[in-house]
Amino acid sequence: MEKFVITVARETGSGGHNITRKLSDALGIPYYDRDLLRKASEVSGIHERLFGAADERIGLKEMLSAAEKVYTGEILPPDSDDYVSTRNLFSFQAKIIKELADNESCIILGRCANYLLAGRPNVLRVFIHAPIEARQERVASYSLAWSQREVSKHIRVEDKRRSAYYRYYTGEEWRDASGYDLSLDSDALGEDGCVAFIKEALPLFCK
């Protein structure tokens, strides 16, 4: 098989991170999550801390706004007043994602990768979801000190943040099925079932 990329987007508590890690092991290829921040920092010369602060965090104004599609692909020069703006930081991350897709087989978790790589050959775009009850149970299992109310609030806030982040940069809806090739219910399939399903589907999308 030629070089290929799998992008994974996931609802909070759906197990998407674990599925990505297991898929990486099963296929013998790397996956990138926060590693992208370090790579973007190295390319831009901007401190990784600033990428971390901006990563998937936008203000209330942007969260409440209509679809913006802020990302244009343009990277501003270092002498620009907006060089460390959230828009430019995202553009650097996008640059790294596209370069990875050009040069190696890998899995990219989140960060609008499905949008950034749409239309490219040998890309499989996956969305992981699950019923709210299953997601609440999963989050509660690693947040033992939280009440049921706190668990529910965490899921609601995180999903809202991811949705707003995606809409702000792409102008599209995070959960829109047209942005993905596969949408998998991790509660019905289980983590290992999702991995097996993705592996089975991979040859249909990547040569």
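Modeller: Helices (DSSP runs of H or I, at least four residues) and strands (runs of E, at least two) are numbered from the N terminus. The model is predicted, and local features need pLDDT of at least 70, side-chain atom pairs count only at pLDDT 80 or more, and totals for chains, interfaces and linings use all residues. Residues are numbered from 1 along each chain as its sequence is written, and side-chain values use heavy atoms, with hydrogens and water left out.

Biologist: How many helices and strands does the chain have, and what pattern does the chain follow along the sequence?

Modeller: There are 9 helices and 5 strands. Taken in sequence order, they give the pattern β-α-β-α-α-α-α-β-α-β-α-α-β-α.

Biologist: What share of the residues in the chain is buried?

Modeller: Burial is read from relative accessible area: under 20% is buried, over 50% exposed, and partly exposed lies in between (1.4 Å probe, protein chains only). Of the 207 residues in this chain, 49% are buried.

Biologist: How should one read the length of a helix, and what span does α8 have?

Modeller: The expected span is 1.5 Å times one less than the number of residues. For α8, with 23 residues, this rule gives 33 Å, and the end C-alpha atoms are 33 Å apart, which agrees. Helix α1 has 12 residues and reaches 16 Å from its first C-alpha to its last, close to the 16 Å expected.

Biologist: Which residues of α1 are buried, and where do they fall when one looks down the axis of the helix?

Modeller: The general idea comes from helix geometry: an α-helix has 3.6 residues a turn, so residues three or four places apart point the same way. In α1 the buried residues are Gly-16, Ile-19, Thr-20, Leu-23 and Ser-24. Viewed down the axis of α1, these buried residues fall within an arc of 140° (taken from the directions from the axis to the C-beta atoms), so they line one face of the helix.

Biologist: Which residue forms a salt bridge with Glu-11?

Modeller: The partner of Glu-11 is Arg-135, and their closest N and O atoms are 3.3 Å apart. Because Glu-11 lies in the loop between β1 (5–10) and α1 (16–27) and Arg-135 in helix α7 (residues 132–141), the pair ties together parts that are 124 residues apart in sequence. Glu-11 and Arg-135 are both buried. They also belong to a network of salt bridges that links Glu-11, Arg-135, Asp-159 and Arg-175.

Biologist: Which parts of the chain does the salt bridge of Arg-138 and Glu-191 tie together?

Modeller: In that salt bridge the N to O distance is 2.8 Å. Arg-138 lies in helix α7 and Glu-191 in helix α9 (residues 186–205), so the bridge joins parts that are 53 residues apart in sequence. Arg-138, at 24% relative accessibility, counts as partly exposed, and Glu-191, at 15%, counts as buried.

Biologist: What is the N to O distance in the salt bridge of Asp-33 and Arg-111?

Modeller: The distance is 2.6 Å. Asp-33 is in the loop between β2 (31–32) and α2 (35–44) and Arg-111 in the loop between β3 (106–109) and α6 (113–116), so that this pair links distant parts of the chain, 78 residues apart. Both side chains belong to buried residues, Asp-33 and Arg-111.

Biologist: How is the phi angle to be read, and what value does Arg-111 take?

Modeller: Most residues other than glycine have a negative phi. Arg-111, however, has a positive phi near 55°; this residue lies in the loop between β3 and α6 and is buried, with a relative accessible area of 4%. Cys-112 also has a positive phi, near 60°. Cys-112 is placed in the loop between β3 and α6, and counts as buried at 3% relative accessibility.

Biologist: How far apart in space are Tyr-166 and Gly-110, which are 56 residues apart in sequence?

Modeller: Their C-alpha atoms are 9.4 Å apart. Tyr-166 belongs to helix α8 and, at 4% relative accessibility, counts as buried. Ile-29 is in the loop between α1 and β2 and counts as buried at 11% relative accessibility.

How values were computed: Salt bridge = Lys/Arg side-chain N within 4 Å of Asp/Glu carboxyl O.
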